[in-house]
Amino acid sequence: MIQYIREWTLSYENFTGLQGTIPCSLYSILYQNHIIEDPFYGLNEYKSREMCEKGCTFTAVFDVEEEMLQNEKLRLRFEGVDTLANIYLNGKWLGRTENMHRVWEFDVKDRAVLGLNEIEIQFDSPMQAAREAALKYPLWGVTHTTVDGYQHIRKAHYMYGWDWGPQLPDMGLFRDVTLVGYSTAKILDVWVRQKHLRDGSVRLFIEPEIDACESIDMHTIVMSPTGERLVDTFKKNPEILISDPQLWWPNGWGDHPLYTVTVEAVDKEALCCDSKSVRVGLRTMTVSTAADAYGNEFCFVVNGKKMFAMGADYIPEDNLLSRVTKQRTNDLLNDCIRANYNCIRVWGGGYYPDDWFFDLCDELGLVVWQDFMFACATYRMSAAFERNLIPEFIENIKRMRNHACLGLLCGNNEMETAWLNWGIPQNERTKLDYLYLYEQLLPDLCDEYAPDTFYWPSSPSSGGGFDDPADENRGDMHCWEVWHGGKPFSYFRDTYFRFCSEFGFESFPDLKTCESFSAPNERNPFSRVMESHQKCVGGNQKMLHYLADDYLYPKNFEMFVYASQLLQADAMRQAITHWRANRGRCMGALYWQLNDCWPVASWASIDSAGRWKALHYEAKRFFAPILLTAFEKDYCVTLALSNETLRDVSCRVCWSVKSSAFDVIAQGEKQVQCPVLSAVTLPPLSLAQSVENAKYDRFFVYELYDEAGTLLSKQTLLFVKPKHFEWKKPNILTDVRQDQDEMRIMLASDVFAKGVCVRFKNTDVVLSDNFVDLTDDQPVWLTVEKWLGGNAKSISEMKAGIEVYSIAEIGE
Ligand code: BMA
């Protein structure tokens with residue numbers, strides 16, 4: 001029996017009686033009641049942040065009926081309390097919560113009463129708690145953008161501010177509060193383990209965890225992905241053989257079928273008193289760190305096949321957790337699939353995602369690299385801290401372990417490398433605490449509760465024990481020489497990492513997103529508001545530093561935003577195409593970062609409003625299952641083909657050197673075989689003769705056609721920096737048409753146009769492609785993939801609102 005306690009009342013300072021429905025928080029309720037303005041607008045962050053210097057109180061009054069009260073076991077269960085709070089039921093203290101990453105449950109059998117009951121939750125200021133803890137026990141942590149002492153509090157670290165996030169350490173209830181009663185039995189968990197046998201069949205081991213007050217029978221039902229009842233048994237802990245399994249594959253390799261396992265607890269009268277269903281995808285999944293010619297590989301192996309991981313790092317989707325919904329996560333993860341991701345890393349400075357996140361990753365075939373929630377700080381392993389952590393670990397491991405998508409569990413973000421390389425005050429105690437937490441406690445618990453999932457102590461790491469975590473020949477890498485280190489993009493091409501789990505480049509969010517938090521006179525990168533929506537120290541200077549390398553000085557803010565996005569896309573393209581061409585040596589590229597939690601200049605490829613930056617369109621290209629890429633040095637172009645599909649491919653590669661007026665200066669083509677899961681590099685093309693004397697007006701086009709002659713991709717490269725290219729001002733014709741269900745947009749140019757960006761003044765769409773190159777007089781057709789918002793959906797309104805620009809316009 002379960003009763004949801006959804007309606008709450010907030011009291012904060014002089015404000016009382018403010019209503020909220022779970023999920024809700026101090027900020028969400030004050031905002032909904034028009035007491036505060038949008039904390040993301042302008043400089044509102046600072047006023048809102050001040051509010052968290054004080055605590056607040058949430059109360060709920062709820063009715064308990066006789067039937068509920070009669071239950072032998074009666075528990076009040078809090079799935080997500082953020083974070084430090086004392087909880088009272090009917091005026092009596094129930095307990096204290098100190099960790100938002102775990103469930104808090106209290107026995108209320110002797111406390112709940114018939115009729116009205118009242119829960120009061122008194123939240124402490126998270127600001128003060130962090131600072132006080134820091135004074136009591138100072139520890140190292142990243143400092144510029146967060147609040148001192150954040151690591152003492154088991155609250156998502158980013159809420160205290162990060163180099164892409166505001167300081168808005170909210171307080172509230174972000175997951176359900178329920179009253180749970182039972183007298184016979186409660187199924188606490190169903191664990192499904194799988195063993196793949198040599199003959200291709202799969203044996204499932206089903207282990208329910210039950211709190212039974214009397215003897216019960218277990219009824220287990222297994223349904224196939226298409227809904228057939230495969231098994232129906234009353235055996236305890238049954239082992240089930242699936243002789244003809246439909247395997248689960250990552251995106252790009254096949255389908256993602258899910259079997260449903262339901263366990264029912266059946267009482268003496270043959271009545272089902274509780275049931276629980278879980279979904280499982282049948283696959284083997286591990287990470288290989290086997291020794292090879294270069295050192296040790298680092299790659300996901302799914303169903304025995306080595307996968308090149310393609311994706312990005314995921315951060316929490318909002319600072320106000322009440323706004324994170326299944327629909328929003330669904331949109332974001334589908335955007336990952338649109339850009340051909342097969343992997344996503346949940347970064348350790350946020351919180352363990354909701355169940356729906358893992359459900360969606362199962363359904364979409366996204367392999368999840370899951371960090372435990374520790375990032376960029378040293379921690380003190382006191383007995384109390386450890387007591388608080390253990391339930392967090394066990395609950396979350398259990399919550400994630402059945403998911404087909406779960407690929408790797410990782411101890412922390414960047415602490416092993418930070419300890420050695422970031423000038424952290426060294427002391428033996430902190431070092432021992434590190435080793436105990438990530439190399440003993442966590443792996444032991446993972447061994448016990450998720451023995452089939454690969455554990456990795458830190459990201460980056462070479463396997464642990466402070467053994468050169470930044471060794472590029474072993475383990476994963478974070479590469480920040482480009483951006484933080486100021487190195488040129490070409491730096492990436494001299495790196496041969498085994499798996500790069502972080503590297504990134506910032507850009508401004510979409511112009512409309514910038515407009516959503518600023519007044520017109522603030523739309524300058526160095527205004528107070530824009531600088532406040534740039535949390536990386538010196539971030540805008542860094543952008544300008546790189547901008548100077550490649551583009552003319554932008555003529556206005558809009559062109560600055562556009563150029564920043566082109567730079568970002570180019571930086572990531574240079575890295576990822578090179579690593580994919582070196583498939584085998586490198587086996588993963590997860591760029592920093594997929595998304596934003598508020599409107600900000602950052603490394604994200606999709607901004608906080610869900611708008612795609614140039615990088616996300618570029619990701620769709622550089623993560624294409626079959627990728628043709630071109631590298632140039634001294635007028636010599638090398639083409640490489642990377643095949644991330646499970647079949648051998650034979651493709652036609654066509655190239656040409658053209659003038660900006662579309663004259664063909666040189667051309668060639670070749671049929672190229674690329675075996676399954678491999679990359680081939682073609683002999684270099686020496687183009688000096690056709691390029692050198694007219695290099696400011698020459699571009700290289702490379703096209704890829706499949707066996708059926710369908711164009712898979714078409715891209716270009718320049719032989720000089722774009723700022724020095726002699727752009728002819730393009731006359732870009734546009735048209736919008738409706739073909740059955742599809743809205744199509746046409747682009748055609750009279751001269752070479754690169755990075756052509758299509759926008760609509762009055763509506764927001766995700767297109768099949770954008771920031772495209774127009775390389776001949778043939779029109780290019782784009783389709784509308786997704787409507788994000790705006791009300792102009794008719795052809796005439798779309799036409800009236802269309803705006804197009806290209807690199808030629810940046811500094812004209
Ligand atoms: C990495 C991440 C984050 C950070 C990002 C950009 O180190 O782990 O901590 O936001 O770089 O600086």
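I call a residue buried when its relative accessible area is under 20%, exposed when over 50% and partly exposed in between (1.4 Å probe, protein chains only). By that rule I noted Y352 and F372 as buried.

I worked on a predicted model, where local features need pLDDT of at least 70, side-chain atom pairs count only at pLDDT 80 or more, and totals for chains, interfaces and linings use all residues. Residues are numbered from 1 along each chain as its sequence is written, and side-chain values use heavy atoms, with hydrogens and water left out.

Aromatic pairs. I took rings of Phe, Tyr and Trp (its six-membered ring) as paired if their centres lie within 6.5 Å, with planes under 30 degrees apart as stacked, over 60 as edge-to-face and the rest as tilted. My search of the whole structure gave 58 such pairs. Y352 and F372 pair edge-to-face, at 6.3 Å between centres and 70 degrees between planes. Y352 is in the loop between β27 and α6 and F372 in the loop between β28 and α7, so their pair ties together parts 20 residues apart in sequence. Helices (H or I, at least four residues) and strands (E, at least two) are DSSP runs, numbered from the N terminus.

Second pair. I found W655 and F700 with centres 5.9 Å apart and planes at 20 degrees, so this pair is stacked. W655 belongs to β36 and F700 to β40, 45 residues apart. Both W655 and F700 are buried.

Charge over ring. I counted NZ of Lys or CZ of Arg within 6 Å of the ring centre and within 35 degrees of the ring normal. R102 lies over the face of W104, 3.6 Å from the ring centre.
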